[in-house]
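I opened my notebook beside the model and jotted down what I looked up, in the order I looked.

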Amino acid sequence: MDEPVLLTGAGGRVGQAILDGIGEPYDWRLFDREPLSAEERPPGVSREDVVVGDVTDESTVAEAVDGCGAVIHLAGDPRKTAPWDSVLRNNIDGTQVVMNASVEAGVEKFVFASSNHVVGAYETDDRTPGMYRTSDEFRLDGTELPRPGNLYGVSKATGEFLGRYYHDEHDLSVVCVRIGNLTREHPPPEYERGHAMWLSHRDCAHLFDRCLRADYGFEIVYGISDNDRKYYSIDRAREVLGYDPQDNSSEYRFDGTPKGE
Ligand SMILES: NC(=O)C1=CN([C@@H]2O[C@H](COP(=O)(O)OP(=O)(O)OC[C@H]3O[C@@H](n4cnc5c(N)ncnc54)[C@H](O)[C@@H]3O)[C@@H](O)[C@H]2O)C=CC1
Ligand SMILES: O=C1O[C@H](COP(=O)(O)O)[C@@H](O)[C@H](O)[C@H]1O
């Protein structure tokens with residue numbers, strides 16, 4: 001990708017994992033409502049490449065996306081307990097503003113940070129905790145209907161529908177990554193569900209790199225490491241994006257310490 005890549009929510013956990021891993025090869029334009037410190041910007045990205053603004057502000061977003069070839073849209077309220085007014089504004093309205101501006105600017109690829117919470121209600125009492133274990137073969141693969149278990153999940157499902165619409169009606173290439181649970185260095189300790197949907201920082205950066213490089217129309221994929229415990233299939237991400245994760249929560253004990261030590 002020779003043209004600049006707009007990264008919204010660049011100062012957050014996922015944004016920083018991406019920039020730590022693939023900061024160098026891209027011409028980044030970073031966007032966040034909070035200013036980014038020098039440490040939060042990859043080498044070569046200056047203060048002038050950072051837009052401080054809100055993703056619901058149409059004119060600021062239009063200016064930020066002008067000339068970009070791709071967008072990774074992360075900005076939003078990530079809380080599973082987020083109230084409706086916040087997800088409506090930050091997640092739904094914000095995503096529509098960024099997608100619409102992207103189409104108007106002639107952006108080719110749009111990568112949307114969706115969430116495991118789009119399908120949280122598949123984790124029924126009779127399936128859990130069995131589905132979090134290696135012996136269980138239950139898999140969600142991205143072709144199932146959304147079943148959000150909270151309003152945050154509803155907002156992320158809506159983002160996916162917006163992506164479907166902007167792909168079908170405006171030819172934007174869209175990939176929605178249903179991110180699992182991103183933690184640095186080890187899976188979330190003492191959390192069975194978290195071990196099943198762990199996404200390491202290394203695999204996160206690689207996955208988003210593949211989203212910028214691969215060719216696709218409209219896709220929904222799961223963003224987790226290659227965990228032995230899993231209830232999300234990563235086959236589609238492998239097939240369409242060339243995702244090749246290196247980490248696996250089974251290399252760690254339940255308390256999060258590496259088994260090799
Ligand atoms: N961290 C995780 O494990 C997962 C994250 N996600 C999604 O990935 C995205 C990033 O999540 P995190 O990095 O964990 O969250 P975070 O809260 O660490 O980062 C979000 C960033 O977006 C910015 N932001 C929020 N609302 C904004 C707005 N209206 N305008 C401009 N900037 C705004 C914040 O200032 C922050 O820097 C979110 O959309 C979240 O829903 C999805 C699944 C799992
Ligand atoms: O979408 C998200 O999911 C992760 C994992 O969910 P959890 O139910 O295991 O906490 C969460 O950590 C993150 O904040 C959220 O944005």
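**Helix packing**

I began with helix α2 (residues 58-65), which packs against α3 at an angle of about 45°, the axes being 9 Å apart. Axes here are lines fitted to C-alpha atoms, for helices over the stretch in contact, and angles run from 0 to 180 degrees between N-to-C directions. Helices (H or I, at least four residues) and strands (E, at least two) are DSSP runs, numbered from the N terminus. α2 and α3 are therefore oblique to each other; the scale I use is under 35 degrees for roughly parallel, over 145 for roughly antiparallel, 65 to 115 for roughly perpendicular, and oblique for the rest. On the α2 side I listed E58, V61, A62 and V65, which meet V97, V98, A101, S102 and E104 in α3; contact means C-beta atoms, placed from the backbone, within 7 Å. I sorted the residues of this α2 and α3 contact into 6 nonpolar, 1 polar and 2 charged. For these classes, Ala, Val, Leu, Ile, Met, Phe, Trp, Tyr, Cys and Pro count as nonpolar, Asp, Glu, Lys and Arg as charged, and the others, Gly among them, as polar.

A note on the source: this is a predicted model, where local features need pLDDT of at least 70 and side-chain atom pairs count only at pLDDT 80 or more, while totals for chains, interfaces and linings use all residues. Residues are numbered from 1 along each chain as its sequence is written, and chains are lettered from A and ligands numbered from 1 in the order in which they are written.

Next I took helix α3 (residues 84-104) with helix α4 (residues 151-170): their axes come within 9 Å and cross at roughly 15°. That makes α3 roughly parallel to α4. Their contact has 9 nonpolar, 8 polar and 1 charged residues. Among the α3 residues that meet α4 I noted W84, N91 and M99, and among those of α4, Y152, K156 and H170.

How do α1 and helix α6 (residues 201-213) cross? I read roughly 80°, with the axes coming within 8 Å. That makes α1 roughly perpendicular to α6. V14, A17, I18, D20, G21 and I22 of α1 make the contact with α6 residues including R202, F208 and D209. By class I got 7 nonpolar, 3 polar and 3 charged residues.

**Two ligands**

Which residues come nearest to ligand 1? I found G9, G12, P78, A113 and I179, out of 23 around it; a residue is near if its C-beta atom, placed from the backbone, lies within 6 Å. α1 gives the most to this shell, with 3 residues. The shell around ligand 1 divides into 8 nonpolar, 10 polar and 5 charged residues.

Around ligand 2 I wrote down P78, K80, S115, N116, H117, N181, R193 and G194. This shell splits into 1 nonpolar, 5 polar and 2 charged.

**Loops and the record**

I checked the loop between β5 and α4, where P129 lies, and found a cis peptide bond joining T128 and P129, with omega about 0°. In the loop between α4 and β6 (173-179) I found D171, whose phi is near 65°, a positive value in a residue other than glycine.

Last, I looked in UniProt, whose unreviewed entry places "domain: NAD-dependent epimerase/dehydratase" at residues 5-186. That span is 32% helix and 18% strand, and its end C-alpha atoms lie 29 Å apart. UniProt positions are given in the numbering used here, feature names are shortened, and annotations may be inferred rather than shown by experiment.

Notes: Two residues are in contact if their C-beta atoms, placed from the backbone, lie within 7 Å.
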